[in-house]
Amino acid sequence: MGCLVRLSLAVLIVLSTCFVTNCEEGSCSRDGQDCGEEEKSFMVKTEDKVEELGDLGENILEDEGIVEENENLKDEKRETMYDNEEEVDGMFEPCVKTEYGGQLHKMMILQAGYKLTEDSKIIRVHCQPESDEFFANGYYQTTGYVDDEEVLIVAMLPSQGLQPHAHDLVEDITLGYGELAYFTWLDGPGIPSNRTILAGSPVGVGSGVTHAVFAGPEGAVYHEPLHRENAARKAWFAPN
């Protein structure tokens with residue numbers, strides 16, 4: 001009888017050990033439905049979604065010739081993510097410049113009467129490319145001449161524009177072609193003032209004042225003297 005009891009206890013211990021081992025190797029929650037599948041972490045799922053969005057916009061980026069542009073932007077963000085923050089709210093200089101395309105913009109510049117030289121490079125400027133499309137927040141720029149004065153030239157196709165931003169120096173430009181909707185927030189956030197600028201008219205705004213510009217139905221080309229310090233002003237864009 002004693003031997004039988006000891007044998008029963010030994011069998012019970014062995015069975016208990018096997019049960020615990022099986023539970024550790026492949027356990028499932030009571031509410032789990034797909035226990036056989038390896039569950040992905042939240043971070044992996046997020047990365048998969050980012051990749052899907054990247055594939056969705058890949059053709060657009062390739063058509064615009066800025067696949068490398070976004071990669072360079074990511075590298076720059078990694079290098080500066082631990083830099084000290086600027087005192088001014090917003091994104092500092094979030095515009096990516098590439099020498100690509102711009103034939104329609106160049107034609108518009110020439111039709112507006114500007115003179116270009118062999119050294120005039122057509123530069124594509126895309127601001128906040130991670131969140132905004134080029135035509136919603138970008139333009140083409142180059143250098144040339146008007147009335148024998150060397151100028152910095154900016155061209156926008158119809159309805160193209162620049163989202164709210166501010167500069168460290170005064171902006172003082174002259175519209176040479178088309179029409180420009182010029183919004184300014186003189187008193188901070190709220191309803192902006194809106195001016196319609198016609199060809200031949202100057203327009204400007206003080207440093208630190210938030211403003212936005214949008215080309216009219218025929219596009220817009222404006223310029224400013226290249227030798228002025230203001231032509232090299234920096235920009236902060238309002239966060240999205």
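Student: Is Phe-135 buried, partly exposed or exposed in this predicted model?
Tutor: The relative accessible area of Phe-135 is 40%. Buried needs a value under 20%, and exposed needs one over 50%. Phe-135 lies in between, so the class is partly exposed.

Student: And Phe-134, buried or exposed?
Tutor: Phe-134 has a relative accessible area of 6%. The cut-off for buried is under 20%. Therefore Phe-134 is buried.

Student: What kind of aromatic pair do Phe-134 and Phe-135 form?
Tutor: The structure holds four aromatic pairs. One of them joins Phe-134 and Phe-135, with 5.3 Å centre to centre and 70 degrees between the planes. Planes over 60 degrees apart count as edge-to-face. So the Phe-134 and Phe-135 pair is edge-to-face.

Student: How far apart in sequence are the parts that Phe-183 and Phe-214 tie together?
Tutor: Phe-183 and Phe-214 also form an edge-to-face pair, 6.1 Å centre to centre with 80 degrees between the planes. Phe-183 lies in strand β7 (residues 171–185), and Phe-214 in strand β10 (residues 210–225). The pair therefore ties together parts that are apart in sequence by 31 residues.

Student: What are the relative accessible areas of Phe-183 and Phe-214?
Tutor: Phe-183 is partly exposed. Phe-214 is partly exposed as well. The values are 22% for Phe-183 and 25% for Phe-214.

Student: Which residue forms one aromatic cluster with Phe-134 and Phe-135?
Tutor: Phe-134 and Phe-135 already form a pair. One cluster takes in both of these rings and a tyrosine.

Student: Which residue has its charged end over the ring of Phe-134?
Tutor: The charged end sits 4.0 Å from the centre of the Phe-134 ring. It belongs to a buried residue of β3, one that points the same way as His-126. The residue is Arg-124.

Student: How many residues of strand β3 are buried?
Tutor: Strand β3 covers residues 123–127 and is mostly covered. Ile-123, Val-125 and Cys-127 point one way, Arg-124 and His-126 the other way, and all are buried.

Student: Which residue of β4 is the bridge partner of Ile-123?
Tutor: Strand β2 (residues 95–98) joins β3 through four bridges, and the two run antiparallel. There, Cys-95 stands opposite Cys-127. Strand β4 (residues 138–146) also pairs with β3 in the antiparallel sense, over four bridges. In β4, Ile-123 has as its partner Gln-141.

Key: Residues numbered from 1 in each chain as written. Predicted model: local features only at pLDDT ≥ 70, side-chain atom pairs only at ≥ 80, totals over all residues. Heavy atoms only, no water. Buried < 20%, exposed > 50% of the residue type's maximum accessible area, 1.4 Å probe, protein only. Pairing = 2+ DSSP bridges. Phe/Tyr/Trp six-rings, centres within 6.5 Å; stacked < 30°, edge-to-face > 60°. Lys NZ or Arg CZ within 6 Å of the ring centre and 35° of its normal.
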